[in-house]
Amino acid sequence: MTDSVPFGFNLLAQDDTARTGVITTPRGTIRTPAFMPVGTAATVKAMYPDQVRDLGADVVLGNTYHLMLRPGPERMARLGGLHRFMNWDRPILTDSGGFQVMSLSALRKIDEQGVTFRSHIDGTAHHMSPERSIEIQGLLGSDIQMQLDECVRLPADHAAIEKAMHLSLRWAERCRVAFGEQPGRALFGIVQGGDVPALRVESARALTDLDLKGYAVGGLAVGEPQEVMFAMIETVEPHLPAAKPRYLMGVGTPDDILGAVARGIDMFDCVMPTRAGRHGLAYTRHGRVNLRNARHAEDTAPLDEASTCPAARDYSRAYLHHLVRSNEILGMMLLTWNNLAYYQDLMAGARAAIRDGRYADYCTSTRAGWARSER
Ligand SMILES: CNc1nc2c(CC[C@H]3O[C@@H](OC)[C@H](O)[C@@H]3O)c3nc(N)[nH]c(=O)c3cc2[nH]1
């Protein structure tokens, strides 16, 4: 990887508040709006890396919390870093680990210094400070690194949301110092503030003053209704620099993504397409299809004969139903492949529609296709 190519973002077109652009990194470009397949433990589950690339993904996610516990950051560095480890030579974005500590580990504590927790794998005690999170992401070789933050589950009281947002701001500053100057890599801040508009604006403005290379909207997709999520994006968007990428963490369904793109978001990650694939659920142009359902038992039609993805085009629903009912590994592989291909097709369609100034029509026709669902 060369640092000759600085991290950058070029806005190509806008359609109302929706944007399309290109993020440049030393390991390749990222077309936005972008969906980033989740590769938590150094693998996009049930997928080969070249399949992930071929279906159109420009970037995948790794996860600091999981990788710091296994195989460990120093070992990963000795092995040449995460890209070589997982045979993915394009950009990788890593989350900072705070969210997983709160959702996965036992016996955790948050204080000014950082998070203290016990591994959900072997119960060993760990401490992660903002500085250590940045050090770990550097040892992994991450191209886009996230600040350590405190994400509050909703609903929550105003005091708890404010306290976590202010702590996250102090941690953003410490991450910026620890990250230093790395031209080819990016540190993103994470806007917090729960469902309180004033706190959201305060967080966005303070992070913008740090002049980071990108901004995530965090603290959402944590149990709030979609309209609250959209309202918070609308609140924050005007206070984020237009020239920097915006990343909505952990989102979401195809409908969430269309709505968030319309409100100015550029990057998404979500376990939905991969996790649903492992549970027999297919995302298609015609809506969601539950292949476990007996009505597919003799349906010789594929999921989508018009798809370029072999998993959607070359296998009957009857066969997929059989694989899912038999809990066969190939069922998880084919449905994961189909779902990630569908998400990438959805993003490619959105990018083209924004370029052509017809994004509203694209959303209407895409949603109409889902309504014809449950074939
Ligand atoms: C699902 N909803 C949701 N996920 C979220 C994640 C994890 C995404 C990360 O969690 C992992 O997926 C579960 C992936 O590896 C991804 O990188 C968040 N991470 C941080 N640091 N801060 C947040 O405010 C935050 C909010 C989220 N809301």
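## Exercises on a predicted model

Helix α10 (residues 254-262) packs against helix α14 (residues 329-355) at an angle of about 25 degrees, and their axes lie 11 Å apart. The model is predicted, with local features needing pLDDT of at least 70 and side-chain atom pairs counting only at pLDDT 80 or more, while totals for chains, interfaces and linings use all residues. Residues are numbered from 1 along each chain as its sequence is written, and side-chain values use heavy atoms, with hydrogens and water left out.

### Exercise 1

Classify the packing of α10 and α14, and describe their contact by residue class.

Solution. Begin with the conventions: helices (H or I, at least four residues) and strands (E, at least two) are DSSP runs numbered from the N terminus, and axes are lines fitted to C-alpha atoms, for helices over the stretch in contact, with angles running from 0 to 180 degrees between N-to-C directions. Angles under 35 degrees count as roughly parallel, over 145 as roughly antiparallel, 65 to 115 as roughly perpendicular and the rest as oblique. With an angle of about 25 degrees, α10 is therefore roughly parallel to α14. The crossing of this pair is right-handed, the term for a near helix turned clockwise from the far one by less than a right angle, anticlockwise being left-handed. Contact (heavy atoms within 4.5 Å) is made by P254, I257, L258 and V261 of α10 together with Y342, Y343, L346, M347 and I354 of α14. Sort these residues with Ala, Val, Leu, Ile, Met, Phe, Trp, Tyr, Cys and Pro as nonpolar, Asp, Glu, Lys and Arg as charged, and the others, Gly among them, as polar; the contact of α10 with α14 then has 9 nonpolar, no polar and no charged residues.

### Exercise 2

Repeat the analysis for helices α8 and α9.

Solution. Helix α8 (residues 197-209) and helix α9 (residues 226-236) pack at an angle of about 45 degrees, with axes 9 Å apart, which makes α8 oblique to α9. The crossing of α8 and α9 is right-handed. On the α8 side the contact involves P197, R200, V201 and A204, and on the α9 side M232, T235 and V236. By class, the contact of α8 with α9 comprises 5 nonpolar, 1 polar and 1 charged residue.

### Exercise 3

Solution. The ligand is surrounded by 21 residues (each with a heavy atom within 4 Å), and the closest are N63, Q100, D149, G219 and L220. Next, take the polar contacts, pairs of N or O atoms within 3.5 Å; within protein, one must be able to donate a hydrogen and the other to accept it, and residues adjacent in sequence count only if both atoms are side-chain atoms. A polar side-chain atom of D149 lies 2.7 Å from a nitrogen atom of the ligand. A backbone N or O atom of G219 lies 2.7 Å from a ligand oxygen atom, and one of A221 lies 2.9 Å from a ligand nitrogen atom.

### Exercise 4
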